Amino acid sequence: MILGNFSEVSEFRLLGFSEISHLHPLLFVVLLSLYILTLMANTVIALTMNGDNTLHSPMYFFLTQLSCLDICYLSVIIPNILENLMVGTIGISKARCATQMFFFLFFGVAECFLLAAMSLDRYVAICCPLHYTIVMNSRVCKSLVAGTYICGTAVGLVHTIITFNLPFCGFAINHFFCEIQPLLDLLCGNTFPREIQVIVVAVFAILCPFLLIIYSYSRIISTILLMSSAESQQKAFSTCSSHLLVVILFYGTASSMYLRPKYTYSASVDKFLSLSYSVVAPLLNPTIYSLRNEEVKRALRKKWRNINLVWKCNRIFALFQMVVVVFFTVNSCSVKGISR
């Protein structure tokens, strides 16, 4: 068994937002609304890009993957939060907690590397435009996405196996899901080696792709500055500004969460940061891309017109059916009256 050699603790208690229990109803409504809105926004973006032939370029392929990751990432955490807000402190088995941590790390790390792959795509598009279709072909794009999932799987498995094969001396997790730092606080004995492990994983999962993004954008900015016309510069920058905003939003909250010393750790701050990158970021991602990208807005408008057209056709067809039914009903009544 991967998660064998468990300690005596067989169940944890998620304390959630126990310190602000009077705000639970309000938080429940807000988070449920954000969850539904995020699912709808990311689903619309993914379906629009899959269904529109003009959006079948590598950039939109990566964006579709990002929307799918955001949906999965959010769904790992939000149901637990909503349950916690409804009933208060909840119990979670060690196996379920380990599974939740694995998928949380899997989707989070995969998103880190996917953002790096998207920066590489923008680098090739702006710095090597003549070779773009050759370099960023379908095989390369699929390989990059597969690589992000492999990295996510590796980090998730290693972290989860090591953590849950250690003895726990407590069971109350001061968080709303099985987050890494609150779990480390429950370990018996000296936790310093485990903290080093977290930092090493964070350096691999956060800093490595972030350095690739920094390098890509340094080359992109230098290339844009060498362009002759202001119009060309603006057009080139507009193609990567959305991605840059998403990177700042995601990496800003993730790095402040995992790349800080333990003495600065605070449970309330940790919960706020977790909400920022697990709830707010997935909601803002499709908003940023749809509002700042003319092609996406055009495709969404086209989709909306098609939906309206189908809806109108269905209404006309329903009205026609009603007229036919009424006609035959009246006819039938008239025939019966004549026969009498």
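The structure is a predicted model, where local features need pLDDT of at least 70, side-chain atom pairs count only at pLDDT 80 or more, and totals for chains, interfaces and linings use all residues. Residues are numbered from 1 along each chain as its sequence is written, and side-chain values use heavy atoms, with hydrogens and water left out.

## Overall layout

The protein has 10 helices and three strands. Helices are DSSP runs of H or I with at least four residues, strands are runs of E with at least two, and both are numbered from the N terminus. Along the sequence the order is β-α-α-β-α-α-α-β-α-α-α-α-α. Of the 340 residues, 43% are buried. Buried means under 20% relative accessible area, exposed means over 50%, and partly exposed lies in between (1.4 Å probe, protein chains only). Among contacts with a separation of 6 or more, 80% join residues 24 or more positions apart. Contact means heavy atoms within 4.5 Å.

Helix α3 covers residues 94-127. Its 34 residues should span 50 Å at 1.5 Å a residue, and the end C-alpha atoms lie 49 Å apart, which agrees. The expected span is 1.5 Å times one less than the number of residues. Of the 34 residues in α3, 27 are buried, so the helix is mostly covered.

Axes are lines fitted to C-alpha atoms, for helices over the stretch in contact, and angles run from 0 to 180 degrees between N-to-C directions.

| Pair | Axes come within | Crossing angle |
|---|---|---|
| α2 and α3 | 10 Å | roughly 155 degrees |
| α3 and α5 | 7 Å | roughly 150 degrees |
| α3 and α7 | 9 Å | roughly 15 degrees |

The crossing of α2 and α3 is left-handed. A left-handed crossing has the near helix turned anticlockwise from the far one by less than a right angle; clockwise is right-handed. By class, the α2 contact with α3 has 18 nonpolar, four polar and six charged residues. Ala, Val, Leu, Ile, Met, Phe, Trp, Tyr, Cys and Pro count as nonpolar, Asp, Glu, Lys and Arg as charged, and the others, Gly among them, as polar.

The α3 and α5 crossing is right-handed. Its contact residues divide into 19 nonpolar, seven polar and one charged.

Helix α7 spans residues 192-225. Helices α3 and α7 are roughly parallel to each other, and α3 passes α7 in a left-handed crossing. On the α3 side, the contact residues include Val 109, Phe 113, Arg 122 and Tyr 123. On the α7 side, they include Phe 204, Pro 209, Tyr 217 and Arg 219. The contact of α3 with α7 comprises 18 nonpolar, three polar and two charged residues.

## Helix α5

Helix α5 runs over residues 138-164. Its 27 residues should span 39 Å, and the end C-alpha atoms are 39 Å apart, which agrees. Its buried residues include Cys 141, Val 145, Gly 152 and His 159. The buried residues of α5 pack against β1 (11-14), α2, α3, α6 and α7.

Thr 148 sits in α5. At 3% relative accessibility, Thr 148 counts as buried. Beyond four places in sequence, Thr 148 touches Ala 110, Phe 113 and Leu 114. Thr 148 and Phe 113 are 35 residues apart in sequence, yet their C-alpha atoms are 5.3 Å apart.

## Other buried sites

Ser 67 belongs to helix α2 (residues 58-87). Its relative accessibility is 3%, so Ser 67 counts as buried. Leaving out residues up to four places away, Ser 67 touches Asn 42, Ile 45 and Ala 46.

Ala 236 lies in helix α8 (residues 230-258). Ala 236 is buried at 9% relative accessibility. Its contacts beyond four places in sequence are Ile 126, Ile 224 and Met 227.

His 175 is in the loop between β3 (172-173) and α6 (180-184). His 175 has a relative accessible area of 0% and is buried. Neighbours up to four places away aside, His 175 touches Leu 14, Leu 15, Gly 16, Pro 182, Asp 270, Lys 271 and Ser 274.

Terms used
Parallel < 35°, antiparallel > 145°, perpendicular 65-115°, else oblique.
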